Amino acid sequence: GTSDAAAMTSMVRLVVDGDKFCHMVKSRGFILSLIVALLSGGFSGMLYYYDSVLETKFIRKLVPTEVVFNVFITFVALVLGFRTAHALTRYTDAAMYLHKLSACWFDTASTLFSFCRPSKADNEAVDQFQQTLIRLISVVNALSLEALQGTSKSAHGKFRFEVLGLEDLDAATQGDIVQSEHRVEFVFQLVQQLCIDGMDSGVLNVPAPILTRSFQEMSGALLTFHEAKKLAAVQMPYTYIVITATLLVSAAVCMPFMMALYTQGWWSSFFFTMSGTFLLWSTNCMNESLDNPFTIESKALNPCDTQHDLNSQLLQLLAQRSSPSARTDPGDTTHGSPGSNKPECTYPDLLAHTRRLSLNTWDRRTRRSIEHCVEEAHPPDDTELAPPVRMCSNEDANHARAPPGGAAAAPAPRHWRPGQEA
């Protein structure tokens, strides 16, 4: 049916993804598996030539029965199956932790921004609190993703994460972050201290039990980071790795004898031996690359996209902080509240008068209305061309400052890898 065709099309697009396919072919595991498979296949073809073509008939005297070989291959498949299930579990857990971490930090920023609305402090203090908050949250999330990549020096390097306005922090804070031994926990404490100082100064003018929600989300973010850290710090037991490697080497040595004995022709002996060996070794190499899915070498996840999305969400919070609360259009209400002159609405009246439409239809209508309002407010002028928009790099935008006396400008993302000198 249509769903099957769509699924097949999606699978074909995934397989022919150029970037991922090139990375897979150039990976160390793929090259190693291919070399071992070619050697094993060539050895199988040579054995067939000496055994069948030259009619020496020496293989049957060396190899065990077919049942023994089938038991051995089944055992190897079971060991690799368990290893693959373990690797896929680590991959799914890493994807969950990655998004949960950014969700916790965004929820923390969102609630704290909302708690600033009834603030009794002056606007400058509130703006200073919010500007500092989004910078610290962007930094602590980037530091967390950096730490999850581990400390090993990979030939592929590490991901580089963008942060919001890091250089806008005071020099003492930047120096303390760089020199701290546990940077994630250090910046986490800075965020908590910022919130406590905000309570003391009146910026966060909400009851303490309500403010507890933000501290709970901060604790959830730190707990999520340490749960994800076990994927980078805790590897498979060394004994299990040695046993798996021994089984793979044994399979690569034993399979040529069996294929040379039970196949017809040296080409088929070479092909089946190479295919079986390549599948076993490539599966194991894939499992090893997923031991830490956060690294750039695994090519499994892209934490940079998650960091970029969090930065965009934080900038949206900064732009939305002074927006009025949402309300319904008074002209669209057909029934009043219990204290108004209009008759009170009942459930049947709500069903009859509440307009319902799909999300896509609402999105199209709203966009058309916005475009129409923009055209009426700014009619096109054919006689004068608008000046070109100046494009600047992230580094240039990061040094932009608000005009004197005005509110601080929203920080522009700057590519900075935690660990380099600020």
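1. Helix 5 and helix 12 (residues 303-320) pack with their axes 10 Å apart, at an angle of about 10°. Since angles under 35 degrees count as roughly parallel, helix 5 and helix 12 are therefore roughly parallel to each other. On the helix 5 side, the contact is made by L98, H99, S102, F106, A109, S110 and F113. On the helix 12 side, P303, T306, L310, Q313, L314, L317 and L318 take part. Sorted by class, the residues of this contact are 9 nonpolar, 5 polar and no charged.

2. A caution on the source of these values: this is a predicted model. The mean pLDDT of the chain is 80, and 77% of its residues reach 70 or more. Over residues 382-410, however, pLDDT stays under 50. For that stretch the model has 26 contacts beyond four places in sequence. Where pLDDT is low, the predicted coordinates should not be read in detail.

3. The chain has 422 residues, and buried residues make up 36% of them. There are 15 helices and 2 strands in the chain. Among contacts with a separation of 6 or more, 79% come from residues 24 or more positions apart.

4. Helix 5 also packs on helix 6 (residues 123-147), at an angle of about 170° and with the axes 11 Å apart. That angle makes helix 5 roughly antiparallel to helix 6, because angles over 145 degrees count as roughly antiparallel. Helix 5 contributes L98, L101, S102, W105, A109, L112 and F113 to the contact. From helix 6 come F129, Q130, L133, I134, I137, V140, N141, S144 and L145. The contact of helix 5 with helix 6 has 12 nonpolar, 4 polar and no charged residues. L98, S102, A109 and F113 of helix 5 belong to this contact and also to the contact with helix 12.

5. The next partner is helix 9 (residues 208-233), which packs against helix 5 (residues 66-115) at an angle of about 160°, with the axes 9 Å apart. Helix 5 is thus roughly antiparallel to helix 9. The crossing of helix 5 and helix 9 is left-handed. By class, the contact of helix 5 with helix 9 has 14 nonpolar, 5 polar and 8 charged residues. Charged residues take part here, whereas the contact of helix 5 with helix 12 has none.

6. T111 is worth a look, as a residue of helix 5. Is T111 buried or exposed? T111 has a relative accessible area of 10%, and because buried means under 20%, T111 counts as buried. Leaving aside neighbours within four places in sequence, T111 is in contact with R213 and S214.

7. M255 has a relative accessible area of 8% and is buried. Which residues does M255 touch, not counting residues up to four places away in sequence? They are F69, I73, F272, T273, G276, T277 and L280. For one of these, T273, a distance can be given: the C-alpha atoms of M255 and T273 are separated by 6.3 Å. Along the chain, M255 and T273 are 18 residues apart.

Technical notes. Residues are numbered from 1 along each chain as its sequence is written. This is a predicted model: local features need pLDDT of at least 70, side-chain atom pairs count only at pLDDT 80 or more; totals for chains, interfaces and linings use all residues. Side-chain values use heavy atoms; hydrogens and water are left out. Axes are lines fitted to C-alpha atoms, for helices over the stretch in contact, and angles run from 0 to 180 degrees between N-to-C directions. Helices (H or I, at least four residues) and strands (E, at least two) are DSSP runs, numbered from the N terminus. Angles under 35 degrees count as roughly parallel, over 145 as roughly antiparallel, 65 to 115 as roughly perpendicular and the rest as oblique. A crossing is left-handed if the near helix is turned anticlockwise from the far one by less than a right angle, and right-handed if clockwise. Ala, Val, Leu, Ile, Met, Phe, Trp, Tyr, Cys and Pro count as nonpolar, Asp, Glu, Lys and Arg as charged, and the others, Gly among them, as polar. pLDDT is the predictor's confidence in each residue, from 0 to 100. Contact means heavy atoms within 4.5 Å. Buried means under 20% relative accessible area, exposed over 50%, partly exposed in between (1.4 Å probe, protein chains only).
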